[in-house]
Amino acid sequence: MNDVNESFSFPSFTRMRRTRMKEALRSMVRETILTPNDFIYPMFVVPGKKVRNEVASMPGVFQLSVDEAVREARLVRKLGIPAVILFGIPEHKDEIGSHAWLDNGIVQQAVRAIKKSDTDIVVITDVCLCEYTSHGHCGIVNGNVILNDETLRLLAAEALSHAFAGADMVAPSDMMDGRIAVIRAALDENGFLDLPIMSYAAKYASGYYGPFRDAAESTPLFGDRRSHQMDPANSDEAMREVENDIKEGADIIMVKPAGPYLDIVRSVKDRFGMPTAAYQVSGEYAMIKAAGMNGWIDHDRVMLESLLGIKRAGADMILTYFALEASRLLK
Ligand SMILES: [Zn+2]
């Protein structure tokens, strides 16, 4: 054996392992702690009663009718999660997504019902047109082009109708230019001066959204979303997007997706010091679920690690389909 000579003396080095030897000691030096309070739970609301449709590509995630959404929201709050974000699947879709701003639209109904029930949960609404348009695009389309300014009016109408229904916060996800300014102005003009906006500020044109489109039934009939969502290759551009949204009046800024974009989350947090959200999207969820169901990874461990990583990167809040499962484990 080529053992080191007994007289050999080691160079000096730091003993990082000292604080890792016992769980209690590890807990004392732990820098990031995940709690249910970190989560926002996305819910998909559909017409009908007593409906719970499991989304095929997202096991454990359901399309819920309004009554079921109310039950779920109560449960979410009981687990210590402070907020839900609502997506609506309307009865009827058309060219301009007119059911998005119906007084009695699906999201508006759900907001009213949850706010009327005995829970103090924060109700956030997603503001976009892609769930409501027959072509599945996020705005008004002319040929193959999504018209920016024409779409802004409709987004403002949608956000306003959510506000009138009682939403605690609106979250524009469309990525049209100027939407935060226009929505802020519309809210203010109608007396909603204190209603905060969470902007999907740096939202990338990502392949990770696939399963969501099953859940929200919002797959575009033609083309894709690259004319408004960001190129995954860009990070300086993300800073400009975020800066614009802050200037236009966003109160919380979001990076989406989360896991593959942790560098963006960290940069945004360091640079702007704003309340920062990150959206762990459907594809991130589905991959962990599928590998877990196959026994290829330890599902619970990887789930919690993925969430911890997002928080460690600088997210103050995480939109995640794992909110319920993770909260049960963390309690
Ligand atoms: Zn959209």
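Rings of Phe, Tyr and Trp (its six-membered ring) count as a pair if their centres lie within 6.5 Å; planes under 30 degrees apart are stacked, over 60 edge-to-face, and the rest tilted. The structure holds twelve aromatic pairs.

This is a predicted model: local features need pLDDT of at least 70, side-chain atom pairs count only at pLDDT 80 or more, and totals for chains, interfaces and linings use all residues. Residues are numbered from 1 along each chain as its sequence is written, and side-chain values use heavy atoms, with hydrogens and water left out.

**Two aromatic pairs**

A pair of aromatic rings is described by the distance of the centres and the angle of the planes.

| Pair | Centre to centre | Angle between planes | Type |
|---|---|---|---|
| Phe 87 and Phe 212 | 5.1 Å | 75° | edge-to-face |
| Tyr 279 and Tyr 321 | 6.1 Å | 45° | tilted |

Where do Tyr 279 and Tyr 321 lie? Tyr 279 is in strand S11 (residues 276–280), and Tyr 321 is in the loop between strand S12 (317–320) and helix H11 (323–330), so the pair ties together parts that are 42 residues apart in sequence. Helices (H or I, at least four residues) and strands (E, at least two) are DSSP runs, numbered from the N terminus. Both Tyr 279 and Tyr 321 are buried. Buried means under 20% relative accessible area, exposed over 50%, and partly exposed in between (1.4 Å probe, protein chains only). Phe 87 and Phe 212 are buried too.

**Charges over rings**

A charge sits over a ring if NZ of Lys or CZ of Arg is within 6 Å of the ring centre and within 35 degrees of the ring normal. Lys 256 lies over the face of Phe 212, at 5.4 Å from the ring centre. Lys 203 lies over the face of Tyr 209, at 5.9 Å from the ring centre.

**Cysteines**

How many disulfides does a search of the whole structure find? It finds zero. A disulfide is a pair of cysteine sulfur atoms within 2.5 Å. Cys 128 has a relative accessible area of 1%, so it is buried. Cys 130 also counts as buried, at 7% relative accessibility.

**A loop residue**

Is Glu 31 buried or exposed? Glu 31 is exposed, because its relative accessible area is 80%. Glu 31 is found in the loop between helix H1 (23–28) and strand S1 (39–45). Glu 31 and Val 281 are 250 residues apart in sequence and 25 Å apart in space, C-alpha to C-alpha.
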